[in-house]
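Hi,

Here is the structure I said I would pass on. Have a look, and my notes follow below.

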Amino acid sequence: MKILIDFFPILLFFGAYKSYDIYVGTGVLMAATVLQMVLIYVIDRKLTMMHKITLALVLVFGALTLALHDDRFIKWKPTVLYAAMAIGLALAVWVYKKNFLKLMLGSQMELPDPVWMRLNLVWVIYSAFMSIINGYVAAYYSTEAWVNFKLWGYAFPLVFIVGQGFYISRYLKPDEPTTPKAAP
C-alpha cells in the first residue's frame, strides 16, 4: 500500500501529460502530491523533512510552471531536490558531524557507525548523480523525452534501494525468536 502511495503522483502526472499536456500534468502532480502527503500524515501521524521539502518544491515549481506557462520549472524540480539532498547530507556529516540517515532511520535499524557513514556517502553520490542526469535530460531533451525519462527513470531509485537492502542486510541482527519457551 505504501509503495502505491509513493508512486501514484508520478503515475497520475504521466497519465495527465499523455492525455492533455505538461500544464494539466503539472496541476495533477500538485494535487496528487498534496493528497499523497495527507494520506501519509493520516497513516504515520507525521511528515518527514523529506516529505515537507518535496511538497514545497512541487508546489513552488508547479505554481511557477503554471503561472509563467513555462515547463522548465517543473522539469528542474527533481534536479533541485536531488542537489539539495546531496548538499544537505554532505554538509551534515562533514561540517556539522551529524549523519541525517542515522538520525532518521537509526530507530528502525541498528547498524555500525562505519556502515551509516558509507550509506551516507552513497546517498550523497546517488543524489548528485540523479541531480546531474535529470538536469541533463531537462536541458537537452524535449519535454516528451523528459516525461518518459521521469517515468522510466524510476528504475534508478528502485535499483538503488534494492542494492542498499542487500548491503545492509548482512549487518542487521536477526530478530529474537517469537515462540514462547516451554515451561520447565
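**Salt bridges and a surface patch**

Lys102 and Asp113 form a salt bridge, with their closest N and O atoms 2.4 Å apart (the term means a side-chain nitrogen of Lys or Arg within 4 Å of a carboxyl oxygen of Asp or Glu). This pair links distant parts of the chain, with Lys102 in helix H5 (residues 100-105) and Asp113 in helix H6, 11 residues apart. Helices here are DSSP runs of H or I, at least four residues, numbered from the N terminus.

A caveat: this is a predicted model, where local features need pLDDT of at least 70, side-chain atom pairs count only at pLDDT 80 or more, and totals for chains, interfaces and linings use all residues. Residues are numbered from 1 along each chain as its sequence is written, and side-chain values use heavy atoms, leaving out hydrogens and water.

There are 3 salt bridges in the structure. Another one joins Glu144 to Lys18 (2.3 Å, N to O); Glu144 sits in helix H7 (residues 143-152) and Lys18 in helix H1 (residues 2-19), 126 residues apart. Then there is Asp70 with Arg72, at 2.6 Å, N to O.

Helix H4 (72-94) and helix H6 (113-140) each give two or more residues to the patch.

Cheers
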